[in-house]
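These are my notebook entries on one structure, set down in the order in which I looked things up. The sequence and the model come first.

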Amino acid sequence: NAEDDTSAPSPQPLAPVAPVAPTLSQRLFKAAKKTKAAQTKECFAVLCLDKGDGDEEVIEVKEAGCKRLLSVCKGVTKEKLMSDRLDSSAVASIKACVDRIIGKAGKESIAGISCDVGYLWLKHQRTLRQALPQFPVLTTPMMQLPFIWTCFGNEKTLLVTWKDEVLCEDSESHHLDFLDTAGIRLDTDRVEILTLSTSDLEWSAFLSGMTTHTTASEHERLLNQLVNMVHQKVIQFSDKDGVGHGVNSVVLDSMLSPFSKELSAATDLPVFDEVSMLRLFSSASSLSHFSDANVLCRLDESQSQSQRSKIDTIDGTRMGLVRLEHEYPYGVGDIDHGSTFPFQSCPGVVQGLTFEQAQRGSKDPVILENLKRVVDQMEAKECFGIAGNCGFMHFYQEFVKNYATVPVFMSALVQVPTMAAALEPDERILILTANESSFMESRDALLSAEGRPFCDFNRVLVRGCEHVPGFEAVANATLVDNIKVQENMSKYVEEILEQEKDSAKGPIKSILLECTQMPHYAAAIRQSTGLPVFDVVTCVNFFASSLCPRHERRG
């Protein structure tokens, strides 16, 4: 049949579809992700001693927003670390280990250097700093001690560490000697040492490194024993003299970090460890929570989830914020601005405490009573800690911490001793303040706690920002043009670093923003200088992440 032989016409080829150009929002989100990836430093190199297995592989461990890349320093054994000095072959092995880790990290920047067995490496911290001058060297969580006890009341911090009986005869004296060698001040009146030992059959395999992974039952057994020992110390000091001088916090040495979260839950005490230390230095080297790129990334994630982003805020967590009797328009990044932290603040104005009174450190009895009332209100609302909205509130740090039952960080300045511990003795910290002459009039008091200097004052360079174009708005209590000031502030800091680079007093290796209206500029200064920049935001977030462990804080 002719009709049956008729075939249907061949389909015409479809015209090529032109690619759809990304929308403006898609381009913004893509740029934000690229910026965040480039300016977030969460990766740390971890030096591991040689246990004789010869494995130099780089192992990656992720925990609570930190990435640790671990590798063995070939030939650097326990015995070698216990010697008075590291020879050239050990230093070469350490450098080769770091190069290996940098290669593994790829495009990710290394935020600092840590170590697997803190107290053994601590003795050689200066050698490590000199061999690796481009990185902060964070050998042990004990570097956090002066920061922590500056912010807690008169109770003790419990330092849980360990010793190898074969190598050490007197663990406590060795720790004291090593801390002093590394420039870490240990207040023996404020710290109680709990020492585990390889001679204890329960802990021997774990502490000596004979087992790299514990089973769930082994972990639980060791955890229960550690909890019991900590409880005994708490009871011991709570009953002493009947005055209730108990334990307010715990610091775990590096090998013991795997027990941190469960120990905190079992004892109801804040526990600080290697991860809390690394997070502090990571935040000082990365974008801020409120930076545009971070905000856009969270917005993109919330849209992709078709719901409000779970990492935008931390519900149920409050920070007490003591405010001056001083009105000014809040800008993004100010401690008073609602977007600065991923949790709520609980503000309270201290009647009579003006900016001028705070600058003088007035101890007017009426002001102090009003300050107590504000603290009472914050504790009634279960705030995890108490901050101040002016750097000069450091004058009230000791008064408030001895009155409050929660940690107190009235000024970003409380971070100075731990910043100094991460540097060489001839390296300096640059402190930026709103007004240089006002700060210098009270420098010694502002850089001390309980009458003890945070560090040698010659290691601190103070510069005022009162002449930075646009920043005069702070003194005038008017709205700050953050875009204008950010550019000018970065230039100002670069000029200071250039002026000081050949100073006989030593190079500047770390920066602190004392003024609570400066955190907006921290990320730009980090990017332009390559230096860690600490401020009131890094301070508050350090305690939030350790005191509120049930929340996973990111972004």
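Entry 1. In which helix does phenylalanine 355 lie? I find phenylalanine 355 in helix H14, residues 355-360, where helices (H or I, at least four residues) and strands (E, at least two) are DSSP runs numbered from the N terminus. Before going further I note that this is a predicted model, in which local features need pLDDT of at least 70 and side-chain atom pairs count only at pLDDT 80 or more, while totals for chains, interfaces and linings use all residues. Residues are numbered from 1 along each chain as its sequence is written, and side-chain values use heavy atoms, with hydrogens and water left out.

Leaving aside residues up to four places away in sequence, phenylalanine 355 touches Leu324, His326 and Cys390, a contact being heavy atoms within 4.5 Å. From phenylalanine 355 to arginine 323 I read 9.8 Å between C-alpha atoms, at a separation of 32 residues in sequence.

Entry 2. Is strand S6 enclosed or open? I read that eight of the eight residues of S6 (residues 156-163) are buried, so the strand is largely enclosed by the rest of the structure. Lys156, Leu158, Val160 and Trp162 point one way from S6, Thr157, Leu159, Thr161 and Lys163 point the other way, and all are buried.

For the pairing I used the rule that two strands pair if DSSP finds at least two bridges between them. S6 runs parallel to strand S7 (residues 191-197), joined by seven bridges, and S6 also pairs in the parallel sense with strand S8 (residues 247-252) over five bridges. Leucine 159 has isoleucine 193 as its bridge partner in S7 and stands opposite valine 251 in S8. The four strands form an open sheet with parallel pairing, in the order S7-S6-S8-S9; S7 and strand S9 (271-272) are the edge strands, each pairing on one side only.

Entry 3. I looked up serine 288 in the loop between helix H12 (274-283) and helix H13 (292-304). Serine 288 counts as buried at 6% relative accessibility, and, not counting residues up to four places away in sequence, it touches Asn294, Pro519, Ala523 and Arg526.

Entry 4. For helix H23 (residues 536-547), I checked the length: the 12 residues should span 16 Å at 1.5 Å a residue, and the end C-alpha atoms are 17 Å apart, which agrees; the expected span is 1.5 Å times one less than the number of residues. H23 is mostly covered, with 11 of its 12 residues buried, among them Cys539, Asn541 and Phe543. At the start of H23, a side-chain oxygen of aspartate 535 comes to within 2.9 Å of the backbone nitrogen of valine 537.

Entry 5. The protein averages 86, and 87% of the residues score at least 70. Over residues 306-313 the pLDDT is below 50, although this stretch has 13 contacts in the model beyond near neighbours in sequence. Where pLDDT is low, the predicted coordinates should not be read in detail.

Technical notes
Buried < 20%, exposed > 50% of the residue type's maximum accessible area, 1.4 Å probe, protein only. Polar contact = N/O pair within 3.5 Å; in protein donor to acceptor, adjacent residues only side chain to side chain. pLDDT = per-residue confidence, 0-100.
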